[in-house]
Amino acid sequence: VVADESGQYVRDALTLERAGASDVRVARASPAACNAAAFEGDAEVFVFIDGRCVPDDDTWLQRAIAWASRPGVGAVGGKLYERDGRVVGNGVLLGVAGAWAAMDGGARVDGDGYAGRGKLPQNLSALTHGLLAVTREAFVAAGGFDAGYESMAAATIDLTLRLGQAGLRNTWLPSLRMRFDNGRAALETS
């Protein structure tokens, strides 16, 4: 599902098809629209990508699906960065900066991060939107995105917290990199 806020990022549907996706849907970037788009298809793994994200390589989709399909995994997210090479999101540290902050936020995308953690897959309490892979089974069991939220950021954090409460892991893969073209402010308010 390509969550497309402005209507100008339909190119990502083509990116998904080139990467091997077989059931691509474009939806308005809202929790209710993403739920509807997900349930229209019959995919075993849902991959929600913000239309403003550009993958670093052609293997990202296969890797995201492979990790999401592992036993005990709730959701998988990657490392989102701005054009200047600074990390802006996907892994979430809760209780930082008032509510949450990006894992490795502000660091160079190719840097090691704090104590080398910026290059290691990790299980985190929550992920935020931009890139999220989740199995149909986990998504349905958690009730999908809570349509009561206006922003995809809040709805995705909520979803991944519920997946964690159900005993599933939310895995952050820093090698799964996406350039986010609209910057941190857009990511946090989307």
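Some ground rules come before the details. Residues are numbered from 1 along each chain as its sequence is written, and side-chain values use heavy atoms, with hydrogens and water left out. The model is predicted, so local features need pLDDT of at least 70 and side-chain atom pairs count only at pLDDT 80 or more, while totals for chains, interfaces and linings use all residues.

I will begin with strand E11, residues 131–135. The labels come from DSSP runs, numbered from the N terminus: helices are H or I with at least four residues, and strands are E with at least two. How many of the residues of E11 are buried? Five of the five are, so the strand is largely enclosed by the rest of the structure. Buried here means under 20% relative accessible area, exposed means over 50%, and partly exposed is in between, with a 1.4 Å probe and protein chains only.

In a regular strand the side chains alternate between the two faces of the sheet. In E11 both faces are covered. Leu131, Ala133 and Thr135 are buried on one side, and Leu132 and Val134 are buried on the other.

Next, the partners of E11. Two strands count as paired if DSSP finds at least two bridges between them. Strand E3, residues 45–50, runs antiparallel to E11 and is joined to it by five bridges. Within E11, Leu131 stands opposite Ile49. Strand E5, residues 73–81, also pairs with E11 in the antiparallel sense, over two bridges. There, Ala133 of E11 is the bridge partner of Val76.

Now the cores. A nonpolar core is a set of buried Ala, Val, Leu, Ile, Met, Phe, Trp, Tyr and Cys residues joined through side-chain atoms within 4.5 Å. The largest one has 19 residues, and those touching the most other members are Phe48, Leu132, Val134, Phe139, Phe145, Leu159 and Leu163. At least two residues of this core come from each of helix H2 (31–40), E3, E11, helix H4 (136–142) and helix H5 (152–165). Which element supplies the largest share? H5 does, with four residues. A second, separate core has 18 residues, among them Cys53, Ala68, Leu173 and Met178. In soluble globular proteins, nonpolar side chains tend to be buried together.

Let me stay with H5. The expected span of a helix is 1.5 Å times one less than its number of residues. For the 14 residues of H5 that gives 20 Å, and the end C-alpha atoms are 20 Å apart, which agrees. Buried residues of H5 include Met152, Ala153, Ile157, Asp158, Leu159 and Leu163. After H5 comes Gly167, whose phi is positive, near 90 degrees.

Leaving aside residues up to four places away in sequence, Asp158 touches Asp146 and Tyr149, where contact means heavy atoms within 4.5 Å.

That residue leads to the salt bridges. A salt bridge is a side-chain nitrogen of Lys or Arg within 4 Å of a carboxyl oxygen of Asp or Glu. Side chains of opposite charge can pair when their charged atoms come close. The whole structure has four salt bridges, and I will describe some of them.

One joins the side chains of Arg162 and Asp158, at 2.9 Å, N to O. Both residues lie in H5, four residues apart, about one turn of the helix. Arg162 is partly exposed, at 23% relative accessibility.

Another salt bridge joins Arg177 and Asp56, at 2.8 Å, N to O. This pair links distant parts of the chain, 121 residues apart: Arg177 is in strand E12 (residues 169–180), and Asp56 is in the loop between strand E4 (53–55) and helix H3 (60–68). Arg177 is partly exposed at 26%, and Asp56 is partly exposed at 35%.

The side chains of Asp57 and Arg63 also meet in a salt bridge, at 2.9 Å, N to O. Asp57 has a relative accessible area of 26%, and Arg63 has a relative accessibility of 23%.

Last, the cysteines. How many disulfides does the structure hold? The number is zero, with a disulfide taken as a pair of cysteine sulfur atoms within 2.5 Å. Cys34 is buried at 1% relative accessibility, and Cys53 is buried at 0%.
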